[in-house]
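Hi,

Here is the structure I said I would pass on.

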Amino acid sequence: MGSENHAMESVAVVAVPFPAQGHLNHLLHLSLQLASRGVEVDVHYAAPASHIRQARARVHGWDQEALRSIQFHDLGISSYVSPPPDPTADSPFPSHIMPLFDAYITGARPPLAALLHELSGSYRRVVVVHDRLNAFAYEEAARLPNGEAFGLHCLAVSILVGQLNAKLLHENGLAFRGVEHYTPKEFLECARRARPSSKISPGAGILTNTCRALEGDFVDVVAGHVAADGKKIFAIGPLNPLLPASASKQGKKRHDCLEWLDKQPPGTVRQQAKVHLIIWVLRDADRGDIFVEGAGVSRHEKLLSEFIKDTEGTGLVITGWAPQLEILANGATAAFMSHCRWNSTVESLSHGKPILAWPMHCDQPWDAELVCNYLKVGILVRPWEKHGQVIAAKAIQEVIEEAMLSDKGMAMQRRAMVLGDAVRASVADGGSSRKDLDDFIAYITSVTMADGDDATYDPMKDPERRPRRSTDPGRNYGYMVTPGNSNIVKCNLCGKVTQGGIKRHKEHLAGTGGDALGYPRASTQLRREMYEYLEKNRRNQPLPNDEDDVMEVDTAGIATVEASTTRQSSRITAKRNKRAFAVKISGKKVQSVAAKSVAAMLRRKPEDIVDERRSGCSQSTMKSSTKTEAEVHYVDMQWALFFYECGIPFNVASSRQFQIAIEASCQCGSGYKPPSPYQLREPLLRDCVKETKLLRAKHETAWKQYGCTLMCQMDGRIEGDAT
């Protein structure tokens, strides 16, 4: 009983990483940071089992006791092929792990939804911190009555600035090109499926693995942008532990390379004139599952003995996973030749080590630009445009000598040391990142309930989920899913989430909202209350068939414009509409009629319109007759492109159900959002099966009354039993 009470008084933080090494590492470091703070937060980490194992095996700077403070949950996904990397591929992007990404995007949602639902009943609040690629995690958190979501941006914040206004970067002398220029089309399409929204943060805000010492000006730009939606950015980096130079000597189990490093003088590479000691890390790119049979076999084993002989006296060769943090923290390490993934970039700079940049794909070319030309703590080894070329050993040697021996290189090293001190100061007491992390923890653990004695979190009593000074009656039956975002409201009676503000929520309660599905169990009194308030604040009567496009004025004095195409209504029309509705809700026989608008009752069913059209007896409507030939041709072209791109047989255009779907979409109106792959695969499929069973039941009843005729194929086979 005591543990149950503890849980209900606590907050559950659920980390949901994307299954790629850098992303797994980001969220595991953050999870460990939160768990180590000793506050009333239980931290959960949800990922496929093999990737939980991968993240735990590769995390550095934390001991096993720290890992035991995290509760790990397997997001079981379907099996996928895990081929080795292709060294002959045109692009350096690891396209061989795309089967993993596809399987994850398709299968991770249901187990996560089940986990969140379970935690929701056991904790006061459930905070989902998800990789920004995992939009489904935000959507599932929004379904919880006590859920909230924050996106973790695993890249540089300056990339977001480039997406918002690249001119700001150009003014700083930076050449910005988006990630899409360095990423294959197949991954971009995968990313769009994973995160269809272009919003920086659809949830309550975003967390970033950066600090003001690295990107202060860019953090301010993004903060101003998200603040317009009532959200906040928490710059809490670096997430990785900041190790002292002696850290590698403190652990019980040490990598062999650390013993070798301890024997080298401080800054060995810089001090030994023309001799450069290098740790060579030779390993294949990760497979989708790094533990699959054969994944540990390296292509370099045959050449390893020869390479070790050739490099004898110039360094050390590692063929497995290197302890990167401990190597960077060691005083003998002078520089880091890196592909410039943001995770590695922050780890290097937080330990005061300059970077020799060798970008490969995705965000790495931009990170190299930021390091070399903005922070000026790096030298470019090879530009991305030459990724298909072999770089000569002499060219690499010249870059190393420039970095370690030239005046320019010495100045770069000093800047890196100063920047490292500033980064480390940001997470110390009084630092900007420390403050942002404290603010984030304070936010998610705050007890915002109106009744302080009630240990169960009630979002309806949370003042952050209701606009200040609002007396709108709709607020008594719903709350903002995300604090500060009044556009998305959740009904506390049935759990329905509506988009379009409090007006659309009231239409849901009144049953008059057109495409806002009504609450089927609403009482007559509730319907009347919502309708009368809507009518009281209605200033314009919409054009025909646009009954939702109205202007509503809240009692707080704030006007919310739903559309601009309206016309002034006559008093006679307004009175007639009002009387019509009054009859519906005040009569003795108040049934499903009250849940429909007048336009909805007069509108013909799509099935009837299509059947009439297919019979050849249909007549063009006034609205369709006013469309120009160019307008109709444009719509035809969109459908044609859809058929061509998706490989749909042309005879589908003659399908009755296809035509019904188009007619239903047109009646729904502009802005209709088609179902997602998950909806088609899960809830809608169940609904269609249910409809089919009901239809079959009707037919079976008719068969008993009138009999049944079985039709067979020409070859005489009958697929079924005759009774």
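Below is what I found in it.

First, the ground rules: this is a predicted model, so please keep in mind that local features need pLDDT of at least 70, side-chain atom pairs count only at pLDDT 80 or more, and totals for chains, interfaces and linings use all residues. Residues are numbered from 1 along each chain as its sequence is written, and side-chain values use heavy atoms, with hydrogens and water left out.

**Overview**

The protein chain has 29 helices and 19 strands; these are DSSP runs (helices H or I, at least four residues; strands E, at least two), numbered from the N terminus. Of the 723 residues, 43% are buried. Buried here means under 20% relative accessible area, exposed means over 50%, and partly exposed is in between (1.4 Å probe, protein chains only). The chain exposes about 38,800 Å², with carbon and sulfur atoms supplying 54% of it; accessible areas come from Shrake-Rupley with a 1.4 Å probe, and for residues only the protein chains shown count as cover. Among contacts with a separation of 6 or more, 66% are between residues 24 or more positions apart, where contact means heavy atoms within 4.5 Å.

**The cores**

The largest nonpolar core has 37 residues, and Val-14, Phe-101, Leu-112, Val-126 and Val-128 touch the most other members. By nonpolar core I mean a set of buried Ala, Val, Leu, Ile, Met, Phe, Trp, Tyr and Cys residues joined through side-chain atoms within 4.5 Å. At least two residues each come from strand S1 (11–16), helix H5 (98–107), helix H6 (109–120), strand S4 (125–131), helix H7 (135–142) and helix H9 (185–194). There is also a second, separate core of 35 residues, which includes Ala-368, Cys-372, Val-377 and Leu-419.

S1 is worth a click. Six of its six residues are buried, so S1 is largely enclosed by the rest of the structure. Val-11, Val-13 and Ala-15 point one way from the strand, while Ala-12, Val-14 and Val-16 point the other way. S1 pairs with strand S2 (residues 41–47) in the parallel sense over five bridges, and Val-13 stands opposite Val-43 in S2. Pairing requires at least two DSSP bridges between the strands.

H5 is largely enclosed too, because seven of its 10 residues are buried. Those are Met-98, Leu-100, Phe-101, Ala-103, Tyr-104, Ile-105 and Gly-107, and they pack against S1, helix H3 (49–58), H6, H7 and H9.

**A buried loop residue**

Leu-239 sits in the loop between S7 and helix H11 (256–262). With a relative accessible area of 3%, Leu-239 is buried. Beyond its neighbours within four places in sequence, Leu-239 is in contact with His-26, His-29, Leu-30, Gln-33 and Asn-209. Its C-alpha atom is 8.8 Å from that of Glu-347, 108 residues apart along the chain.

**Salt bridges**

How many salt bridges does the structure hold? There are 20, counting a side-chain nitrogen of Lys or Arg within 4 Å of a carboxyl oxygen of Asp or Glu.

- Asp-439 and Lys-232 meet at 3.8 Å, N to O. This pair links distant parts of the chain, 207 residues apart: Asp-439 is in helix H19 (residues 432–445) and Lys-232 in strand S7 (residues 232–235). Asp-439 is partly exposed at 25% relative accessibility, and Lys-232 is partly exposed at 39%.
- Arg-434 and Asp-429 meet at 3.0 Å, N to O. Arg-434 is partly exposed at 29%, whereas Asp-429 is exposed at 66%. Salt bridges that share partners join Arg-37, Asp-429, Arg-434 and Asp-438 into one network.
- Arg-143 and Glu-140 meet at 3.6 Å, N to O, and Glu-140 is buried at 6% relative accessibility.

**A nonpolar patch**

Tyr-634, Val-635, Trp-639 and Phe-642 make a nonpolar surface patch of about 400 Å². Patch residues have over 30% relative accessible area and no salt bridge, with like charges joined within 9 Å and nonpolar side chains (Val, Leu, Ile, Met, Phe, Trp, Tyr) within 5 Å. Trp-639 lies in helix H26 (residues 629–646) and is partly exposed at 35% relative accessibility.

Cheers
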